[in-house]
Amino acid sequence: MTARLAALLLGLVLAAPAFADAPLDLKGRMEQGGFVVGQAAPGARAVLDGMALDVDEAGLFAFGFDRDQGATAKLTVTYADGGTAERLIEVAPRDWQIQRVEGVPQQYVSPPPEAMAQIARSTALKNAAREKRMAGSGFAEDFIWPATGPISGVFGSQRYYNGEPRRPHYGVDVAAPTGTPIVAPAAGIVTLASQEMYFEGGLVFLDHGQGVTSVMMHMSRIDVTAGQQVAQGDVLGAVGGTGRATGPHLHWGLYWRGAWLDPQRLVPPMEEAIAANGGN
Ligand SMILES: [Zn+2]
């Protein structure tokens, strides 16, 4: 089977590249919430649906598809010699659960007027951190679970808090006791570390490169500061139940340039991770 036929069978339409040997390798899940690592050649540029992607000196780049991404996306890669490769990516739709969360303190469902200043501060801090996109290629590592335990919430669920509809759940929840260490799922640079966020409580943003950012919420303790470089497995802090939470758990989100991706798709099944930890 030729490489081109294989690509077609994968649902990728490969437009004729100017040079047959122009390298373009895409690894990841072509689905809503999916995350993809691309490898082109040094000096290449890449554009996804009109948005210029960051491409490092080695030709490595990242992109992803939001929960509500449409059926297709167009990726265009231009090589240093002027040749181009174009792919029309079919993005598989997914079904989302409905999750009802009861017993949420009402101040986190309908915040009182006196909370507005803290919410505004939280939003400003998050927006400033999201504008930064760090160098680095931690996003291309094999991610590990930042904490292990029963999964108590999955990505994409339509959420109701005390019966009231709120935005979907953009992350995966891992139930674990307060104080359980949270480690870096891949290398990165801390772009936000605050104990003071209204909904998120203790919050850390860890940019794995090109803006691919792990978001850790509800932390009881934070052991890192903004600007700090961490390796995979380094401790970021500890699990807690701060902010809008009904019990201690880690909320792990994955953000990339305006899109929320599904972090659970990047790591092995939880049972394997727990077994590898010796059952804990
Ligand atoms: Zn959550």
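This is a predicted model: local features need pLDDT of at least 70, side-chain atom pairs count only at pLDDT 80 or more; totals for chains, interfaces and linings use all residues.

Visitor: What makes His169, Asp173 and His251 donors of the zinc ion?
Guide: Donors are N, O and S atoms within 2.8 Å of the metal (3.2 Å for Na, K and Ca); water is not among the atoms, so sites may look incomplete. Here NE2 of His169, two OD entries of Asp173 and ND1 of His251 lie 2.0 to 2.8 Å from the zinc ion. Along the chain the spacing reads H-x3-D-x77-H.

Visitor: Why is the site of the zinc ion called irregular?
Guide: Four donors count as tetrahedral if all angles lie between 85 and 135 degrees; four count as square planar and six as octahedral if opposite donors are over 155 degrees apart and all others between 65 and 115; anything else is irregular. The angles among the four donor atoms run from 52 to 151 degrees, so the site is irregular.

Visitor: How do you know whether histidine 169 is buried or exposed?
Guide: Buried means under 20% relative accessible area, exposed over 50%, partly exposed in between (1.4 Å probe, protein chains only). Histidine 169 has 4% relative accessibility, so it counts as buried. Aspartate 173 is buried too, with a relative accessible area of 4%.

Visitor: What makes arginine 133 and aspartate 54 a salt bridge?
Guide: The term needs a side-chain nitrogen of Lys or Arg within 4 Å of a carboxyl oxygen of Asp or Glu. For this pair the closest N and O atoms are 2.8 Å apart. Arginine 133 is in the loop between α2 (116-131) and β10 (151-153), and aspartate 54 in the loop between β5 (51-52) and β6 (60-64), so the bridge ties together parts 79 residues apart in sequence. Helices (H or I, at least four residues) and strands (E, at least two) are DSSP runs, numbered from the N terminus.

Visitor: Why is arginine 133 called partly exposed?
Guide: Because its relative accessibility is 37%; aspartate 54 gets that label at 24%.

Visitor: How many salt bridges does the structure hold?
Guide: Ten. One of them joins arginine 94 to glutamate 31, with the closest N and O atoms 3.9 Å apart.

Visitor: Which residues does the UniProt annotation "domain: M23ase beta-sheet core" cover?
Guide: The unreviewed entry gives 168-263. That span is 0% helix and 52% strand. UniProt positions use the numbering here, feature names are shortened, and annotations may be inferred rather than shown by experiment.

Notes: Residues are numbered from 1 along each chain as its sequence is written. Side-chain values use heavy atoms; hydrogens and water are left out.
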